[in-house]
Amino acid sequence: MTDSNQSVLSKLPNNVIDEILIRLPFRDAVCTSILSKEWRKHWCRLPQLTLDSDFWKSKKDLTGDKRATSNFTMTIHNIITRHSGPLTKFTLCIQYWEIYPPIDNLLYFLSRNRIQHLVLKLPRQFKLPPSFFTCLHLRHLFLQNCLLLPPPDFKGFDRLIRLELHEVTISSKLLESLISNCLLLEQLVLRISDTLSDIIEINAPMLKSCDFTGDMTTICLKCVPRLTELSLRYYRKDWKEFDVANFLTSNFFESCSDHLEHLHLDYGVIAKGQEIPKKLPFDLLCVKHLCMCIYLDRDEILCPLSLIRSFPFLQYLEIQMEHNFKKNMPALECLEMEAFPDVIFEHLREVTLIEANASIREMQLIKLLLAMSTALVKMVISPHRFLGKSTIVKTLTKLAEFECAPKAEIFLKLV
């Protein structure tokens with residue numbers, strides 16, 4: 001590097017240098033120490049550090065031998081001994097490793113620095129050390145593949161505003177306590193494929209957004225008066241079918257009915273032969289945006305049809321079509337207008353259908369939505385990627401024959 005370039009770099013304000021280094025992969029940020037004497041320690045004061053797959057490039061970092069553990073320990077030691085100044089965000093991504101490296105000293109270091117944003121993606125069933133539970137200044141926490149066993153005197157993270165847990169092993173009682181003790185919690189994301197032993201009551205008076213993937217029958221929205229966005233995806237490792245009839249007749253949405261505006265539902269495959277109620281026990285008057293996954297078997301289609309009746313002020317509807325690839329499925333009576341004698345959507349302005357394949361039942365559903373939506377402005381249909389051009393042309397011809405609102409326009413969005 002020329003002297004003139006070094007001179008320019010040396011004159012940059014520290015805050016500008018920090019902004020440059022934060023945007024670089026951490027390995028490259030450390031390498032800038034060779035640029036000049038003034039740059040030798042700039043990386044040591046970065047407030048955000050990320051040790052992700054870009055950092056662990058060497059194959060030696062990913063294997064399960066002693067060298068990998070030694071490399072990890074040395075890297076963490078260099079960070080702990082050389083870093084100066086505040087450290088607000090730290091990210092560690094080693095979820096694909098075959099080893100369980102020691103992170104106790106790292107977490108003590110982060111705790112002393114009053115870490116506020118922590119992301120830990122660790123190998124499966126990685127037991128978090130006691131030092132993790134001393135990071136009491138956390139405001140954002142992301143955990144993946146961890147085993148949580150806090151000490152008896154742990155009272156929770158009372159400053160947390162966002163909590164995201166992916167495949168974390170934790171008891172129902174502890175998870176319920178962890179959430180309820182986060183009095184400032186605004187965003188909650190849970191991905192739990194293991195079936196919890198007991199029902200979790202979610203008490204979070206400040207919660208605005210909740211995203212849950214797992215067994216929906218194991219959670220209860222007990223006290224979430226400010227919840228405006230809710231996403232529910234049913235999933236179990238044993239593929240047990242969903243008892244949707246019990247879910248629809250429960251008061252699951254009662255505590256969030258006053259503010260809930262955005263709702264995403266994917267209930268998976270439901271148990272056959274259930275008596276599906278025609279609607280929820282009460283209308284959700286605030287829901288304006290609804291996203292659903294729809295399966296066009298008879299039992300599966302009855303569930304979203306029951307739900308859709310319960311949102312009279314709906315403005316935007318997005319439907320992800322799910323296919324079982326059964327050919328020539330006949331028309332369904334439950335998709336005819338006669339099954340909805342008193343249902344009109346006076347506020348629905350936009351409908352989006354994704355992965356449509358122009359089957360008989362899908363055309364029934366489109367025709368039904370067009371007829372019921374008197375204020376509809378736009379319907380966007382994204383055909384299935386394997387749908388042929390001739391089928392798309394035939395679909396357009398059929399759509400032109402359907403009755404719809406005067407201002408409604410139908411678009412085919414080709415990928």
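1. Phe126 has Cys146 in S4 as its bridge partner. The strands concerned, S3 (residues 117–127) and S4, pair in the parallel sense over 7 bridges, where pairing requires that DSSP finds at least two bridges between two strands. Strands here are DSSP runs of E with at least two residues, while helices are runs of H or I with at least four, and both are numbered from the N terminus.

2. This is a predicted model, in which local features need pLDDT of at least 70 and side-chain atom pairs count only at pLDDT 80 or more, whereas totals for chains, interfaces and linings use all residues. Residues are numbered from 1 along each chain as its sequence is written, and side-chain values use heavy atoms, with hydrogens and water left out.

3. On its other pairing, S4 is joined by 5 bridges to strand S5 (residues 162–166), and these two strands run parallel; His140 stands opposite Arg162 in S5. Because 7 of the 8 residues of S4 (residues 140–147) are buried, the strand is largely enclosed by the rest of the structure (buried means under 20% relative accessible area, exposed over 50%, and partly exposed in between, with a 1.4 Å probe and protein chains only).

4. The structure holds 7 aromatic pairs, counted when ring centres of Phe, Tyr and Trp (its six-membered ring) lie within 6.5 Å, with planes under 30 degrees apart taken as stacked, over 60 as edge-to-face and the rest as tilted. One of them is the stacked pair of Tyr100 and Phe126, at 5.7 Å centre to centre and 25° between the planes. This pair links distant parts of the chain, since Tyr100 lies in the loop between strand S2 (89–93) and helix H5 (104–112) and Phe126 in strand S3, 26 residues apart. Phe126 is buried, with a relative accessible area of 5%.

5. Phe252 and Phe253 form an edge-to-face pair, at 5.2 Å centre to centre and 80° between the planes. Phe252 counts as buried at 8% relative accessibility, and Phe253 counts as buried at 3%. Phe132, Phe133, Phe154 and Phe157 form one aromatic cluster.
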